[in-house]
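Hi everyone, thanks for coming.

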Amino acid sequence: DVRRASAFLIQGEEIGDLFFGNKIYGVNVWTPPAARDSLTDIKNLWIDTPDGGRVRLSDVADVRISAVPNVIAREDQSRKIDVSANVKDRDLGSVAEDVEKVLQSVDFPLGYHAEVLGEFAEREAAQNKLLLAGSIAVIAIFFLLYQSFGNWRMTTLTFFTLPWALVGGGLAAYLTSGIISLGSMVGLLTILGIATRNGIMMISHFQHLEENEGEVFGPALVLRGARERIAPIMMTALTTGLALLPLIIAGNIPGQEIEYPMAIVILGGLITSTLLNLLVVPTLYLHFGKSKKMVTTTT
């Protein structure tokens, strides 16, 4: 084995351990100094062959002086070398994409390949998990709306108005960093949940006024319901915004790489989601949310 022979020449070969005085000493065997003082001596080193013969090392190996790493790291029985770099004035995702494009044009020797790992790979895995969890949450929100309204038309209409609540969060991210990071995605899902909760609370109250308090379906019912739900909706927005304010004031400092963009997106989304539930949802209910009494009478 040429690699084993080279290691043997340079640093010796450990053949065992010596125990003395409660300490362990490694026992290494080296070639004589005369056989490793020069490149010519190493080339002329005799090696035993399986059939009992002997050949020079230069006959079976390319012996030369070259730079080698001090430490050889391995992963899954393969050699590896890590190349590290920090990102400045650009987002990690775009830099990683540029690196991957360049690597695709590099012609690596047989058996060699490059991988972009580290924080980028971990972030990609986290984003994929977050997208999967978000998709499941969106489906659950749809059926939760139907469970609350008992009406497919109102459920579908309310469901497709929810993305408008995310507009403020998207604008806040664009105006601050211009990047939709992992923290921003968490903030968008949070806004979606807040908008859903407020929408259910608003429309359920409209239905309660009609079914239990004798209000006639029409503008008066919608105005009364909206006025009675202004306080809880505004309190939700204000308390959440005040809780996030310290994170925003502190800024994008080390240790808040996720919390800061999340707080920015949530605060921006709270504005649009509050306006959506106080202005848009009552108007849509008035135009499309037919009275259950009217539907029953017609049937």
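**The core and what packs around it**

Let's start in the middle: the largest nonpolar core has 34 residues, and of these Leu 145, Leu 162 and Tyr 285 touch the most other members. By nonpolar core I mean a set of buried Ala, Val, Leu, Ile, Met, Phe, Trp, Tyr and Cys residues joined through side-chain atoms within 4.5 Å. Helices α5, α6 (152-161), α8, α9 and α10 (259-288) each put in at least two residues, and α8 has the largest share of this core, with 10. Helices here are DSSP runs of H or I with at least four residues, strands are runs of E with at least two, and both are numbered from the N terminus.

Before I go on, a word on where this comes from: it's a predicted model, where local features need pLDDT of at least 70 and side-chain atom pairs count only at pLDDT 80 or more, while totals for chains, interfaces and linings use all residues. Residues are numbered from 1 along each chain as its sequence is written, and side-chain values use heavy atoms, with hydrogens and water left out.

What does Leu 162 touch, not counting residues up to four places away in sequence? Ile 141, Leu 145, Leu 192, Ala 195, Thr 196 and Leu 276. Touching, or contact, means heavy atoms within 4.5 Å.

Now the helix pairs. The axes of α5 (residues 119-149) and α8 (residues 182-212) come within 11 Å and cross at roughly 0°. An axis is a line fitted to C-alpha atoms, for helices over the stretch in contact, and angles run from 0 to 180 degrees between N-to-C directions. So α5 and α8 are roughly parallel to each other. For the wording: under 35 degrees is roughly parallel, over 145 roughly antiparallel, 65 to 115 roughly perpendicular, and the rest oblique.

Who makes that contact? On the α5 side, residues including Leu 130, Gly 134, Ile 141 and Leu 145, and on the α8 side, residues including Leu 189, Leu 192, Thr 196 and Ile 203. By class, the contact of α5 with α8 divides into 15 nonpolar, seven polar and no charged residues.

How do α9 and α10 pack? Their axes are 10 Å apart, at an angle of about 175°, and that makes α9 roughly antiparallel to α10. The contact of α9 with α10 has 21 nonpolar, four polar and one charged residues.

Is Thr 158 buried or exposed? Buried, with a relative accessible area of 6%. The cut-offs are under 20% relative accessible area for buried, over 50% for exposed, and partly exposed in between (1.4 Å probe, protein chains only). Leave out residues up to four places away in sequence, and Thr 158 touches Leu 145, Phe 149 and Ile 203.

Next, Thr 236, which sits in helix α9 (residues 219-250). Thr 236 is buried too, at 17%. Its side chain and that of Arg 197 are joined by a polar contact of 2.8 Å. A polar contact is a pair of N or O atoms within 3.5 Å; within protein, one must be able to donate a hydrogen and the other to accept it, and residues adjacent in sequence count only if both atoms are side-chain atoms. Apart from neighbours within four places in sequence, Thr 236 is in contact with Ile 194, Arg 197 and Asn 198.

Over in the loop between α9 and α10 you'll find Gln 256, which counts as buried at 15% relative accessibility.

For a contrast, go to Asp 51, in the loop between β3 (46-48) and β4 (54-56). Asp 51 counts as exposed, at 69% relative accessibility. Its side chain makes a polar contact with the side chain of Thr 49 (2.4 Å), and it also reaches the backbone nitrogen of Gly 53 at 3.2 Å.

Last one: Ser 58, in helix α3 (residues 57-60), is partly exposed at 32%.

Notes: Ala, Val, Leu, Ile, Met, Phe, Trp, Tyr, Cys and Pro count as nonpolar, Asp, Glu, Lys and Arg as charged, and the others, Gly among them, as polar.
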